Amino acid sequence: MWRNPRLVVLLLAGSLTVMAGGVIAPILPALISDLNIDPSVGSSLVSLHFLTVALSTPILGVLADRYSALFILMVSLVAFAGFGVAGGWMQSLLPLMILRGGLGVASGGIAAAGLGLLTRLYSGERRTQAIAYVASTLTLANIIYPLLGGWLGSIHWRLAFAAYGISIP
């Protein structure tokens, strides 16, 4: 199965859904301090995208099934990079929250289209194995992306937002 480049691409793309909150969590204190945001409100920046993921995934899943899962995945990957990277340039809370919401919509598209494409690639025991690979990839991503965000954020918190750009390749 690992010889199939489509599987590797789908696993890497799917791992980005973990990145949405994982990159920003280590830099949150510096971001809140630098932008002079109330910490009780600013802490929602880590999890705000979950709301828009929950709202957009079913809709984007239907669109992916009805039209083109590959198109939804590609648009979502580009949107993920755009919304994510743009966060590094924001100067206040409201625009940053709007971008985080957009990042959640893009994550929902990645999840819905990626899983749809994965289930079309495999059936039976191979599908079960592919889903196990997804679970393993997400576990590793939960370790790697916060480390990446923290490392980039140690240079400057705004630089951590550049990590979202890896969805383009």
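**Close-up views: helix contact and pockets**

**View 1. Contact of α4 with α6.** In α4, L48, H49, T52, V53, S56, T57, L60, G61, A64 and D65 meet M97, R100, G101, G104, V105, S107, G108, G109, A112, A113 and R120 of α6 (contact: heavy atoms within 4.5 Å; helices: DSSP runs of H or I, at least four residues, numbered from the N terminus). By class, this contact has eight nonpolar, ten polar and three charged residues (nonpolar: Ala, Val, Leu, Ile, Met, Phe, Trp, Tyr, Cys and Pro; charged: Asp, Glu, Lys and Arg; polar: the others, Gly among them). The model is predicted, with local features needing pLDDT of at least 70 and side-chain atom pairs pLDDT 80 or more, while totals for chains, interfaces and linings use all residues. Residues are numbered from 1 along each chain as its sequence is written, and side-chain values use heavy atoms, without hydrogens and water.

**View 2. The largest pocket.** Its volume is about 560 Å³ (pocket: an open set of points on a 1 Å grid over the protein atoms alone, where a 1.4 Å probe fits, with protein on both sides within 12 Å along at least five of seven lines; lining residues have an atom within 4 Å of a point; volume: the space filled by probe spheres set on the points). Of 26 lining residues, V8, V9, L10, L12 and A13 are the closest to the centre. α1 gives the most to this lining, nine residues. The lining of the largest pocket holds 22 nonpolar, three polar and one charged residue.

**View 3. The second largest pocket.** This pocket has a volume of about 190 Å³. Among its 13 lining residues, L10, G14, A111, L115 and V134 are the closest to its centre.

Notes. Helices (H or I, at least four residues) and strands (E, at least two) are DSSP runs, numbered from the N terminus.
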